[in-house]
Each structure stands twice: as C-alpha cells, then as structure tokens.
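Visitor: Could you take me through one part of this model slowly, strand by strand and neighbour by neighbour? I'm new to this, so please spell out the terms as you go.

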Amino acid sequence: MKRRAYRDWDYWAKPVPGFGDPRARLLLIGLAPGAHGANRTGRIFTGDSSGDFLYKTLYATGFASQPTSTSRDDGLKLRDAYISAVARCAPPNNKPALEEIRNCRPYLVRELDLLKRVQVVVALGRVAFDVYLGILREQGKIARRSAFVFAHNAVHETGPGQPLLISSYHPSQQNTSTGKLTEAMFRAVFEGARRRLTSMQALRIPCSQGRVE
C-alpha cells in the first residue's frame, strides 16, 4: 500500500539492482529494498530514512559525491564503493523470508565475482553478515561460520587474499531512532574502512582476486 505522501508516485516496484563504482574496493551489503524507499525510487537505499542515514555517512567519509539520495536521477555517484543487498525485492514487513534470500543469493554471488577489486566488505546487519559468511563457506574460503561473531564495528579476517569483513548494525529507523545506532557509531565503521583501504594501498596488498592493484 502506498503511503499518503507518495500516492501520486509511479513506483519502481521491480527487483532493485546493486549500485556504485564497478571498480570499488569497498562493498556494502544491505538487507532488502525498503517498501517506500528503493521499491519506490529504483535505487538501493534511496528515498527513505535508512538511505538518508547511510549516504550522509558515506559522503562524510569520502565514499559518496553528495550526502543525499532521493532518486535515480539526482546525480549521486559512489566513490570506490558499491552497495548490494541480500534480497532484491521489497519483502512483506521488511523481513525477507528464507526462500526470498535463497532466490536472490545467486545475484549477490555473481556481484562478488565481478567486483574484483574489493578489499573491505561492510555487512549491514546480522542477516547480511550471515549470508555473506554462508557464501564464503560454500566456496571453501572459510572453514566454518561459527568462528565469526556479529558485533557492531567488529573486524573479521576471512583468510589470505580475501577481503576484511566489518560487521555493523543496519541503519534502519528502528536502530537509529532508538539510539542503538548513532551517527558517531556508524561513521566509525566507514572511517575504519577508509583507514584500512589506505593502509592496504600503501602496502600494495593484493586484492581479493590475488592481483596487486
């Protein structure tokens, strides 16, 4: 059901693709399109409070060209960053079912294969964290998922030649309005990602596909 504020909009109402720099070294993995955000605008994390919180932080840490994201035509560009998601269609009650996650999983797997320069992955929320680790487990890149414990701004080594994984609370309104996730807490995640990318570049650490960039 449309909200009153958007009753005159023609919704995108399709699967929402990933968005960003195809040569990105930073990959963000979210949960699913918001019912009146990406599902309305056609661009991930665009047009709702979660996106407002996210892009403000990406801009402040140098990963976005502007602090707001309102439509696919607003001129926003991501810098050295790419955003994907576990589910690609707006789920009922903003909670994707296991079947939806399974159906969308191949798209995330393909993006991980195509984004050959990624050195840091930020998982936004426990579901994204678990799905990403599940993919690594299936590909034989980690021995077991239980070795990784979700916590906000925790950094996880996933093995030689593999990206660092940073877990973060999701910038949902539920988390931000209650103070579970503050702007300072969220900004610290991306400031840490920036520092690590800078140090990797200085050391010329190989990217996830084993090539020195």
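Guide: Let's start with strand β2 and strand β4 (residues 120–124), which run parallel to each other and are joined by 4 bridges. A strand here is a DSSP run of E with at least two residues, a helix is a run of H or I with at least four, and both are numbered from the N terminus. Two strands count as paired if DSSP finds at least two bridges between them. Within this pairing, L28 sits opposite V122 of β4.

Before going on, a word on where this comes from. The model is predicted, so local features need pLDDT of at least 70 and side-chain atom pairs count only at pLDDT 80 or more, while totals for chains, interfaces and linings use all residues. Residues are numbered from 1 along each chain as its sequence is written, and side-chain values use heavy atoms, leaving out hydrogens and water.

Back to β2, which also has a parallel partner in strand β3 (residues 81–85), this time with 5 bridges. There, L28 has I83 as its bridge partner.

A pocket is an open set of points on a 1 Å grid over the protein atoms alone, where a 1.4 Å probe fits and protein lies on both sides within 12 Å along at least five of seven lines; lining residues have an atom within 4 Å of a point. The largest pocket holds about 860 Å³ of space, a volume being the space filled by probe spheres set on points joined across faces, edges and corners. It has 37 lining residues, and L31, S50, N94, H170 and S172 are the closest to its centre. The biggest share of the lining comes from α5, with 3 residues.
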